[in-house]
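Good morning, everyone. Please look at the chain on the screen while I talk.

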Amino acid sequence: MALPRVDETVATFPARANLPELTPQTRALVARAEARHLALQADNQILRDRYEEVMRWINPPWDSFSRRTDPRPDEASALRDGQSKIHIDHTNQVVDRWAVLQAGAPFGFRVAPPFVSPPVDLAQEPTDLEAQLNNRKLYDIERALAQDLATRMENQTQIWIEANDLDRMMLWTAWAKEAFGKAIVRTGWDDIDKIPTAELMENPSTCFYGWSRRYGRRKLQWFAVIEEIDPTEANRRWDLGMPLDEVGALDVASWVGTMDRGDMDNRDEQNASTNRFITVMEYHELKPDGTGTIQALIVGGRVVEYGEFPWKRLPFHVFENQHIPTYMHGKSVAESEIPINEALDDLLARQHEVVEFESGPRYIGLNMANTADEVDVPAPFELLPLQEGEDIRQLDTRVDFFPSELHSNQLYEAGHRSTGLTPIAWGMSPNAQTSGRAMSAEWRAVELPLTGRLINMGPEVKAMMECWWDYAEAYSAAIRDLSTYKPSDSPEKKSYRRFKIIWVPLDIRDKTERTLDVIQRVQGGLLDPETAIEELGYENGDEIMARIKAYYVDPIYNPLRYQQYLTLQQIELQIQAQQLQNQQAQAQAQGGGGGAPGGPPAPGDAQQQGANAAGQAAQGPSGPVTESNNQAGGVPGGGGAGLPVQTSVMSQTPLQGGIGDRAIVQTGGGAPAPASGQQPQ
C-alpha cells in the first residue's frame with residue numbers, strides 16, 4: 001500500500017489547530033523520552049509480572065465452575081475433578097496489617113517556628129537597662145510572630161489534608177508499597193477548588209523515572225507515565241485529528257512527518273496488527289540548569305502539549321518499602337509471603353483430602369463371594385440382606401499417621417520471621433494475654449521493622465507538603481502572604497519550609513494501661529493536660545479543656561473550687577497593687593537614694609529597699625494581711641476587692657461528699673530587714 005503524502009493526509013484528517021509544531025527541539029525531546037523508555041522497558045516488565053502475581057494472590061480469581069477463589073486455577077486439573085485448592089487469605093492479611101500499622105493513625109504535621117536570635121543577657125551589659133528591656137520586648141514580639149506563622153501554616157495544611165482525604169490516600173500508599181515494593185504519588189493543583197492535590201498511581205509498572213544522581217541528596221530528573229491506547233480513543237480524548245488508515249491504524253509517516261521504513265516485514269496485515277495501538281507518554285523533565293521543569297504529552301511519537309513550569313522538583317514522589325541499591329523496584333513483603341502462603345494451601349489441601357478419605361467409616365463384606373451376591377464392599381448407608389455364613393466388618397482407619405501439626409507450625413513460624421509480624425500482630429499471642437512484659441517484648445519486635453518503614457516514608461511526605469506550598473504560593477496570592485516571612489537579617493521576604501512529619505503508630509496496649517500512663521506523666525509534670533487529651537485519642541482537646549474549666553468553676557457542681565477561684569481573683573488584685581507599690585518605691589529610691597546625687601542608688605541599697613517594700617506590702621499597715629484586715633483600702637496601694645480574702649480556703653482539698661481538708665497554711669513572711677542607715681543600735 002502506498003503511503004499518502006503529508007499534504008493529502010492533512011487535508012483528509014485535519015489536526016487540532018493548537019498542536020505544537022514539529023521542530024528539532026520537539027523531535028529531540030521525543031527521541032530522548034523514547035530512548036529512556038526503551039532502556040527501562042525490561043525492568044518495568046519485571047515489575048509488571050510482580051504486579052500481576054501479587055494481585056493474583058491478594059485478590060484471587062473466582063472460578064465459575066468450582067465457585068471458589070483460587071490463585072492457581074491452572075492446577076485445577078482433571079486429576080482432582082477441577083476442584084480448587086483450599087486457599088488461606090494470608091498474603092492479603094500481611095499487606096493489610098503492615099499498611100494499617102504504618103498509616104492507620106494519621107501522621108502529625110508540624111511547622112517549626114523560624115528561629116529568632118535572643119537579645120544580649122542583662123548580666124553582660126548592666127549599664128544600658130532600658131535598651132535591653134526594649135530588645136527583650138522586640139524579641140518577644142518576633143517570637144510571637146514566628147509562632148503565629150507556624151500556627152497559620154499548620155492550620156492551612158490541615159485544611160488541605162482534610163480536603164484531599166490524605167489519611168486514606170496514605171493508607172492506600174502504604175498498602176501498595178507493601179504489596180508491590182514501591183508506591184508512587186502524584187501532587188498537583190486543582191484550579192477549580194484552589195487547593196493542592198495528591199493521588200496514588202495505582203499501577204507502578206506504568207511509571208518510568210530516573211534520578212539526578214545515584215546517591216546522596218538526589219531528586220527525580222525525569223518521569224514518564226506510559227499507556228497503550230487505540231488511536232480512535234486518543235483522537236476522542238485529546239481532539240487530535242490523527243491520520244488513520246482504512247483499518248483504523250495510525251499513519252505514522254503523516255503524523256510525525258517522517259517515512260516509516262524498516263527492515264522488518266511490512267505486509268498490510270502485520271502493519272494493521274502492529275500499529276493498531278499507539279504509545280501515549282506523559283513526560284516530565286528537570287531543566288539542565290535546575291531553574292524549572294518541562295512537561296510534554298507525547299502521543300504516537302509527537303508532542304501534542306508542551307509547557308514549562310518554575311518548579312524545582314517534579315510532581316512525583318516514590319515511596320519505597322525498603323531501598324535496595326541498584327534495584328529500582330524496592331522490596332515487596334507480599335512477594336516473600338507468597339511461597340509460604342502457597343505451602344500452607346498445599347498442606348491444608350492434602351490434609352483435607354486425607355482426612356476426607358480416611359476418616360469416614362469403611363466396611364468390608366465377609367464370605368460374600370461364595371454366594372450369589374455380587375457386592376464386595378457395600379456403599380455408605382446401603383442395606384444388604386445377609387445370607388448364611390456372610391458378615392460385615394468395619395475397617396480401622398487412622399488419620400494421625402504424619403506430623404501435620406509440626407509441619408504447619410514450621411510454616412507459620414517461617415511466616416512470622418519473613419514478614420516481621422509476630423503473633424501479637426495477629427492477636428494470637430498466649431503469653432501477651434497475661435504478661436505485660438511478654439506483650440512489650442513481642443511488640444518491640446514489630447516496632448523494629450516498622451521504624452525503618454516510617455523513616456523511609458518521612459522525607460517523601462515532607463516533600464509532598466513542600467510541593468503543596470510551592471503550588472499554593474504560585475497560584476494564590478493569599479497563601480503567598482501566609483507562608484512568607486521577613487528574617488531580621490534579610491531585607492526581603494522568603495518562603496518558609498521547615499516542616500516536621502510526626503508518625504503516630506498504632507498503640508496496641510490496653511486502653512486502661514494507656515490512660516494510667518498518661519495520668520502518671522501529667523501528675524509528674526511531664527505532660528500538660530491538653531496534650532494528654534490528644535494522646536488519649538481525642539482531637540478536640542481545646543473544646544474539652546474549655547468544658548473542664550467551666551465544670552471546675554461551676555458553683556453548683558464544685559462550690560469549693562468556685563470559692564477558691566474567687567479567692568485567686570482577689571489575690572491577683574492584691575499582687576497587682578503590690579507590684580505598683582514596688583514600682584513607686586523603686587522610683588523614689590532612684591530619685592533620692594543613698595547612691596550618687598541624681599544617680600541610681602547603690603546596688604546594696606536598692607536590693608534592701610526592694611525587700612522592705614515587698615515585706616511592707618505583704619504585711620500591710622499593721623502586720624500581716626489576715627481575714628480581719630484585708631478589706632478594701634486595708635492593704636497599702638488599695639489592695640483587696642471589697643471582699644475579705646479567705647486565704648485558708650486555698651489549702652482545702654475537695655473530697656467525696658463535699659468534705660474538705662480544713663488544714664490552714666499560714667501565709668505571710670517575717671518582719672522586713674532594716675535598710676542602709678537604719679541598722680539596729
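First, the ground rules. This is a predicted model, in which local features need pLDDT of at least 70 and side-chain atom pairs count only at pLDDT 80 or more, while totals for chains, interfaces and linings use all residues. Residues are numbered from 1 along each chain as its sequence is written, and side-chain values use heavy atoms, with hydrogens and water left out.

Now the overall picture. The chain has 18 helices and 14 strands. Both are DSSP runs numbered from the N terminus: helices are H or I with at least four residues, and strands are E with at least two. Of the 681 residues, 35% are buried. Buried means under 20% relative accessible area, exposed means over 50%, and partly exposed is in between, using a 1.4 Å probe and protein chains only. The accessible surface of the chain is about 41,200 Å², and 53% of that belongs to carbon and sulfur atoms. Such areas come from the Shrake-Rupley method with a 1.4 Å probe; for residues, only the protein chains shown count as cover.

Next, contacts, meaning heavy atoms within 4.5 Å. Among contacts between residues at least 6 apart in sequence, 64% join residues at least 24 apart.

On to salt bridges. Side chains of opposite charge can pair when their charged atoms come close. The rule here asks for a side-chain nitrogen of Lys or Arg within 4 Å of a carboxyl oxygen of Asp or Glu. How many salt bridges does that rule give? The count is 23.

Glu 53 pairs with Arg 56, with 2.5 Å between the closest N and O atoms. Both sit in helix H3, residues 41-58, and they are 3 residues apart, about one turn of the helix. Glu 53 is partly exposed because its relative accessibility is 28%. Arg 56 has a relative accessible area of 28%, so Arg 56 is partly exposed.

Another salt bridge joins Glu 342 and Arg 72, at 3.0 Å from N to O. This pair links distant parts of the chain, 270 residues apart: Glu 342 is in helix H10 (333-358), and Arg 72 is in the loop between H3 and helix H4 (90-103). Is Arg 72 buried or exposed? Arg 72 counts as buried, because its relative accessibility is 5%. Glu 342, at 28%, is partly exposed.

Arg 497 is in the loop between strand S13 (494-495) and strand S14 (499-502), while Glu 473 is in helix H12 (436-475), 24 residues apart. Glu 473 is buried, at 11% relative accessibility.

Last, the surface. Patches are made of residues with over 30% relative accessible area and no salt bridge; like charges are joined within 9 Å, and nonpolar side chains (Val, Leu, Ile, Met, Phe, Trp, Tyr) within 5 Å. Lys and Arg count as positive and Asp and Glu as negative; His and the chain ends are not counted. A charge is placed at NZ of Lys, CZ of Arg, CG of Asp or CD of Glu.

Asp 528, Glu 530, Glu 534, Asp 542 and Glu 543 form a negative patch. Helix H15 (529-535) and helix H16 (541-552) each give two or more residues to this patch. Asp 528 lies in the loop between helix H14 (511-523) and H15.

The nonpolar patch covers about 570 Å² and is made by Ile 548, Tyr 551, Tyr 552, Ile 556 and Tyr 557. Ile 548 is in helix H16.
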